[in-house]
Each structure stands twice: as C-alpha cells, then as structure tokens.
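Here is a short note for someone opening this entry for the first time. Please keep the sequence and the structure side by side while reading.

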Amino acid sequence: MMTSVDTELIRVLADPLRLRIVTLLAKETLCTTHLVEETGAKQTNLSNHLKVLREAGVVDTEPCGRYIYYRLRPEVIEAIAGQFADLAQTARATAEANLKRSCP
C-alpha cells in the first residue's frame, strides 16, 4: 500500500494557471493561441507554465505548421490519482483500526 504522493508533480499542478491549463487540455488538444484566449494569460507567462508542464511529463507537444499543440498525458493524472487513492485507503484503514501513537 503506497502512502506517499509525488510531491514534485503536486507542486507543478498546485499552480492555479497550470491546473487551469491541465483542465482545458483534458477536454481537447490546444495550441498556445487557444490557451491564451481561454485563460486570459499573457503568451510569455503561458509558455513558461507549459514548459514546466512539459518538463514534468504532464503534457506532450505536437508541431503543426508554425503552431505547437499541447495534449494532456492522462496516464500521469491517473498515476497521481492512484497515489491519492492509495493514501486515502491507508487513512481509512488507520481510522478503522484506531491506530495512534501514544504520547511519551
């Protein structure tokens, strides 16, 4: 039973704009122009966030002419969701067993 969560991925997804980008990309593959329209963020700011998401392995890119399209990698989201599910299962088992450390 896993009890830890990928903290680096949590840090990456904790930013509100990056989480918004991930939410949008869950629905469709988009280019930077679309993401600027949807989020209202400046293109340079958005590009920096997309770079972080790319480096973390959350999104893939697909060149299309002079544009780059971004696609969410669902297996990454599934993996972190699984880690949280394992953590919840551990917490549930701990609560049911009434496990607690005694104070000195």
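1. Three strands make up an open sheet in the order 1-3-2, with antiparallel pairing. Strand 1 (30-31) and strand 2 are the edge strands, each having a single partner, so one side of each has no neighbour in the sheet. Two strands count as paired if DSSP finds at least two bridges between them. Strands (E, at least two residues) and helices (H or I, at least four) are DSSP runs, numbered from the N terminus.

2. Basis of the model. This is a predicted model, in which local features need pLDDT of at least 70 and side-chain atom pairs count only at pLDDT 80 or more, while totals for chains, interfaces and linings use all residues. Residues are numbered from 1 along each chain as its sequence is written, and side-chain values use heavy atoms, with hydrogens and water left out.

3. Strand 2 (residues 59-64) and strand 3 (residues 67-72) run antiparallel and are joined by six bridges. Among the bridge partners in strand 3, Y69 faces E62 and R71 faces D60. Two residues lie between the strands of this hairpin, and G65 has a positive phi there, near 65 degrees.

4. Helix 4 over the sheet. Helix 4 (residues 43-55) lies across strand 2 and strand 3, at about 120 degrees to strand 2. Axes are lines fitted to C-alpha atoms, for helices over the stretch in contact, and angles run from 0 to 180 degrees between N-to-C directions.

5. Helix 1 and helix 2. Helix 1 (residues 7-14) packs with helix 2 (residues 16-27) at an angle of about 90 degrees, the axes being 5 Å apart. Helix 1 is therefore roughly perpendicular to helix 2 (a term for angles of 65 to 115 degrees). R11, V12, L13 and A14 of helix 1 meet P16, R18, L19 and V22 of helix 2, where contact means heavy atoms within 4.5 Å.

6. Helix 5. Helix 5 (residues 74-97) has 24 residues and spans 34 Å from its first C-alpha to its last, close to the expected 34 Å at 1.5 Å a residue. Its buried residues are V76, I80, Q83 and T90 (buried means under 20% relative accessible area, with a 1.4 Å probe and protein chains only). These buried residues of helix 5 pack against helix 1. After helix 5 comes N98, with a positive phi near 55 degrees.

Definitions and conventions: Parallel < 35°, antiparallel > 145°, perpendicular 65-115°, else oblique. Expected span 1.5 Å × (residues − 1). Buried < 20%, exposed > 50% of the residue type's maximum accessible area, 1.4 Å probe, protein only.
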